[in-house]
Amino acid sequence: MSSKAMAALVESLTKLPGVGNKTAARLAYHIAAMKSDDVENLAAAIRSVKLNTHACEICFNTIDADKVICDICASDKRDGKIICVVKDAKDLDAIERAGTFGGKYHVTGGLISPLAGVSQNDIRLRELIKRVDEDKVEEIIIAFEPTVEGDATSLFISRLLNPAGVKVTKLARGLAVGADFAGTDSLTIAKAIENRVPV
């Protein structure tokens, strides 16, 4: 890179998921060619999302800073006896786009992964168990990506909750192995929820 500023931007962009050096360089050159106002708006939007959002106190979905809980948790039209457990807010958004799930959510913030040093204590499972007890939840739908980590976390949650008499199901395997929800079409997600199976 001929410019230190460009090199620094490329390095920053490679920290985004799925962005390698080539994609980061392409994005950096695109940003450099944008109008100043557009660059300022982009920078402001990035700052704003970091400064003006936080986690819902109940489900840990990403919400605006002026709210305490998200609209889904606050809604009396959603079935609080069914909780769909997802890894992160983008997975929640993908399921919401499918438009077929009428329950509530719980965002774990990660998956159990011993190789990456992530244990059950590093994700929001204690909070999930507390919700199950306090809200008398009848069914937990596990909606993790079909990966080794997703399957291991699903099994762990099932072993935690089955003795308490809670029905634990997971999405049907309409999702490709290794697929993430954000890149999956709404119909596939809707069918996976509809055809969920016991864990």
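The largest nonpolar core comprises 23 residues, and those with the most contacts inside it are Cys70, Cys84, Val86, Ile95, Phe101 and Tyr105. The model is predicted.

**Nonpolar cores**

- Cysteine 70 is in contact with Cys56, Cys59, Asn61 and Ile63, leaving aside its neighbours within four places in sequence.
- A second, separate core has 16 residues, among them Leu128, Ile140, Ile142 and Phe144.

**Helices α1 and α2**

- The axes of α1 (residues 4-13) and α2 (residues 21-33) come within 8 Å and cross at roughly 125 degrees.
- The two helices α1 and α2 are therefore oblique to each other, and their crossing is right-handed.
- Met6, Leu9, Val10 and Leu13 of α1 form the contact with Asn21, Ala24, Ala25, Leu27, Ala28, Tyr29, Ile31 and Ala32 of α2.
- The contact of α1 with α2 consists of 11 nonpolar residues, one polar residue and no charged residues.

**Helices α6 and α7**

- Helix α6 (residues 125-135) and helix α7 (residues 148-161) have axes that come within 12 Å and cross at roughly 35 degrees.
- The crossing of α6 with α7 is right-handed.
- On the α6 side the contact involves Leu125, Leu128, Ile129 and Val132, which meet Phe156, Ile157, Leu160 and Leu161 of α7.
- Eight nonpolar residues make up the contact of α6 with α7, with no polar and no charged residues.

Notes
Residues numbered from 1 in each chain as written. Predicted model: local features only at pLDDT ≥ 70, side-chain atom pairs only at ≥ 80, totals over all residues. Heavy atoms only, no water. Axes fitted to C-alpha atoms, helices over the stretch in contact; angles between N-to-C directions. Helix = DSSP H or I, 4+ residues; strand = E, 2+ residues; numbered from the N terminus. Left-handed = near helix turned anticlockwise from the far one by under 90°. Contact = heavy atoms within 4.5 Å. Nonpolar A, V, L, I, M, F, W, Y, C, P; charged D, E, K, R; others polar. Parallel < 35°, antiparallel > 145°, perpendicular 65-115°, else oblique. Core = buried A, V, L, I, M, F, W, Y, C linked by side-chain atoms within 4.5 Å. Buried < 20%, exposed > 50% of the residue type's maximum accessible area, 1.4 Å probe, protein only.
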